[in-house]
Amino acid sequence: MVTVTNDCIGNVHVGISPPSVEEIFLLKEATLTCKATGLVSADDLEIKWASETKEFATGTPEIISVNGYFTAVSKLKVTLEEWARGDKFFCTVKQKDSLPSPRVAAYHRELDGPSHRPAVFLLSPSPQESTNGNGEVSLTCFVKDFYPEEVYITWLHSDNSVPQTFYTTTNLIPKKNGKPLFSVYSKLTVPTAEWTDGGIYTCVVYHETIQPPTRMITRNADSTGKQTLVNVGLTLPDKANPCSN
């Protein structure tokens, strides 16, 4: 869970967006984005970043003009350790024609419970789906009961990355009994011919409790529809863990 404090006055809104999970797990970086919208002018605009202990040097914000109003965007790159442990960051926006006084937005990552490693299940297509004549089959990766909520899922076909246009991942599904646990599904659609030819598909799950990430492999054993489900753990680079050095 993250805590974000947004400040809004009139038509001006100031808020901070957290880093993407792709950036956290693949790049081992954390970039915060402060956006001020609804500004009537960009003259003498200032956006400053600070934590509870220091100020940060930042460059000139990006200015976008839309329908006579201005949007200002400023980014701050922090260490993965600062983000992971929940350090608090502040974005202060000054623009005299839009704001009578500086407006401040705050952000920090907030953890509501103990970490919990996900269980990962890979569901291969049913024999009926493989012969339904649609020309496509679906594989589903179910990532169950994890915390914190940041998780990243990718797919491989014969150890090659699958473009994101071929799979979709649901929004976080919270556990209904009130415990701070989440689940997600990721669905990959592949041509039936590739599946029946014995292609190997891998669901790769990144979560800070997993080191190395769990990789699940499923393979069609033969063209008759008999399927083999293989679950293995393979070593990936340390950069998959957002809290490792």
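**View 1. Surroundings of W83 in the predicted model.** Leaving aside neighbours within four places in sequence, W83 is in contact with P19, I24, A30, V78, Y107, R109 and E150, where contact means heavy atoms within 4.5 Å. The structure is a predicted model, in which local features need pLDDT of at least 70 and side-chain atom pairs count only at pLDDT 80 or more, while totals for chains, interfaces and linings use all residues. Residues are numbered from 1 along each chain as its sequence is written, and side-chain values use heavy atoms, with hydrogens and water left out.

**View 2. The largest nonpolar core and a second, separate one.** A nonpolar core is a set of buried Ala, Val, Leu, Ile, Met, Phe, Trp, Tyr and Cys residues joined through side-chain atoms within 4.5 Å; buried means under 20% relative accessible area, exposed over 50%, and partly exposed in between, with a 1.4 Å probe and protein chains only. W83 belongs to the largest core, which has 30 residues, and together with I16, C34, W49 and V93 it touches the most other members. Strand β4 (residues 30-39) gives the largest share of this core, five residues. At least three residues of the core come from each of domain 1 (13-108) and domain 2 (119-219), the domain bounds being taken from an automatic or database domain assignment.

View 3. Helices (H or I, at least four residues) and strands (E, at least two) are DSSP runs numbered from the N terminus, and two strands pair if DSSP finds at least two bridges between them. Eight of the 10 residues of β4 are buried, so this strand is largely enclosed by the rest of the structure. Strand β3 (residues 12-17) pairs with β4 in the antiparallel sense over five bridges, and S17 stands opposite T33 in β4. The pairing of β4 with β8 is likewise antiparallel and runs over eight bridges, with A72 in β8 as the bridge partner of A36.

**View 4. The hairpin of β7 and β8.** Strand β7 (residues 62-66) and strand β8 (residues 69-78) pair in the antiparallel sense over five bridges, and I63 stands opposite A72 in β8. The two strands form a hairpin with two residues between them, and N67 in the turn has a positive phi of about 55°. A72, opposite I63, is also the bridge partner of A36.

**View 5. The largest pocket.** On a 1 Å grid over the protein atoms alone, a pocket is an open set of points where a 1.4 Å probe fits, with protein on both sides within 12 Å along at least five of seven lines, and lining residues have an atom within 4 Å of a point. Grid points are joined across faces, edges and corners, and a volume is the space filled by probe spheres set on the points. About 270 Å³ of space lies in the largest pocket, which is lined by 17 residues, with V21, E149, E150, V151 and L172 nearest its centre. The elements that give two or more residues to this lining are α1 (21-27) and β13 (152-157).

View 6. The peptide bond joining Y147 and P148 is cis, with omega about 5°, and P148 lies in the loop between β12 and β13. D44, in the loop between β4 and β5 (46-51), has a positive phi near 55° in a residue other than glycine, and it is exposed, with a relative accessible area of 59%. S158, in the loop between β13 and β14 (160-161), has a positive phi of about 50° although it is not a glycine; S158 is partly exposed, with a relative accessible area of 41%.

View 7. S138, in strand β12 (residues 136-146), is buried, with a relative accessible area of 14%. Leaving aside neighbours within four places in sequence, S138 is in contact with L123, S124, P125, E129, K187, L188 and T189. K96, in the loop between β9 (89-94) and β10 (103-109), is exposed, with a relative accessible area of 64%. K96 and L39 are 57 residues apart in sequence and 9.9 Å apart in space, C-alpha to C-alpha.
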